[in-house]
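Please examine the model below with attention to its pockets and to one of its helices.

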Amino acid sequence: MAVEKNDHFNALPEGCIAYTLSLTSPRDACRLSSVSSTFCSAAQSDDVWERFLPPDYRDILSRSEQGIQPLRLYTSKKQLYLHLCDNPILIDNGTKSFSLEKSSGKKCYMLAARDLTIVWGDTPCYWQWIPLPMSRFTEVAELLDVCWLEIRGKIKTSLLSPDTTYASYLVFIWNDAFGFDHVPAEGEVGMSGQEGQKKMVHLDPETHRQQDMPRRQRGRFGHRQTATMRWREVRPADRDAQTSKQRSDGWMEVKLGEIFIKGGEDVDMEMALTEVKGGNWKRGLIVQGIEVRPK
């Protein structure tokens with residue numbers, strides 16, 4: 001019976017199969033390529049992968065330093081698609097990076113630290129701007145010493161994939177950090193002119209783990225390489241707080257929030273990390289940017 005089914009599929013014109021595959025998703029097209037040799041051939045078609053690329057991908061590439069020249073380097077649209085999934089490109093004078101989410105082809109962006117609004121970010125005694133080889137951008141922001149942490153960013157919703165839930169993440173690493181373990185912060189994502197959804201976040205994952213640990217197991221003071229733990233009352237809301245996690249590229253990230261992007265809108269999606277209560281001095285945070293990607 002399986003052979004008869006495959007013979008039936010093979011009788012279809014390859015162009016018809018390619019069109020059908022283009023109406024699915026990149027993940028499904030790759031899975032269906034194993035149905036038969038005809039499906040496998042159709043799944044490699046430029047017509048299929050052109051549909052999986054964003055409609056404005058040429059315009060996006062034209063905003064990179066190389067322009068659309070890299071298109072000539074790829075022998076197929078599938079090769080271009082996979083390259084954009086695995087290799088973010090810098091656009092808009094290096095203030096953003098662009099890539100694709102592999103399973104869906106939806107757009108992903110990261111706003112460079114220079115494209116963010118960082119309170120005291122232009123004051124050399126509080127923040128410094130340095131190159132870092134592991135960063136995709138030419139420079140990152142390193143926190144030297146502040147008593148108030150506030151980082152904000154925004155991106156036009158028209159740049160994002162429509163009818164998609166997007167999540168925003170602060171991307172950072174530590175460098176001899178101090179003062180973050182007992183500082184409650186708030187992540188916020190929303191549309192310009194509207195109050196966004198707020199969520200408690202912990203930049204230091206050890207803080208959240210210590211809150212879940214029985215008091216008798218902690219000792220009077222907790223300790224880790226980057227900070228000295230201090231006691232503070234744990235509010236119920238903290239139990240549901242977002243904690244930072246390790247990324248595959250060596251950076252850390254913490255989720256600021258999420259929001260649904262409707263089609264046809266062109267407003268600012270705004271994101272923020274704000275300290276809830278200032279006055280505590282802190283240092284050693286290195287910010288690469290804020291990433292916006294499909295949930």
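The second largest pocket is lined by 15 residues, and Arg136, Arg247, Ser248, Glu291 and Arg293 are those nearest its centre. A pocket here is an open set of points on a 1 Å grid over the protein atoms alone, where a 1.4 Å probe fits, with protein on both sides within 12 Å along at least five of seven lines; lining residues have an atom within 4 Å of a point. This is a predicted model, in which local features need pLDDT of at least 70 and side-chain atom pairs count only at pLDDT 80 or more, whereas totals for chains, interfaces and linings use all residues. Residues are numbered from 1 along each chain as its sequence is written, and side-chain values use heavy atoms, without hydrogens and water.

The second largest pocket holds about 260 Å³ of space. Its lining takes at least two residues from each of α7 (77-86), β2 (96-100) and β17 (283-294), and comprises 9 charged, 4 nonpolar and 2 polar residues.

The largest pocket has a volume of about 350 Å³. Among its 22 lining residues, Pro54, Pro55, Gly105, Ser161 and Pro162 are the closest to the centre. By class, this lining has 10 polar, 7 nonpolar and 5 charged residues.

Helix α2 spans residues 14-22, and its buried residues (under 20% relative accessible area, 1.4 Å probe, protein chains only) are Ile17, Ala18, Leu21 and Ser22. These residues lie on the same side of α2 because they cover an arc of only 140° around the axis. The face turned away from that buried side carries Gly15 and Tyr19, both exposed (over 50%).

Conventions: Points joined across faces, edges and corners; volume = space filled by probe spheres on them. Nonpolar A, V, L, I, M, F, W, Y, C, P; charged D, E, K, R; others polar. Helix = DSSP H or I, 4+ residues; strand = E, 2+ residues; numbered from the N terminus. Arc of directions from axis to C-beta.
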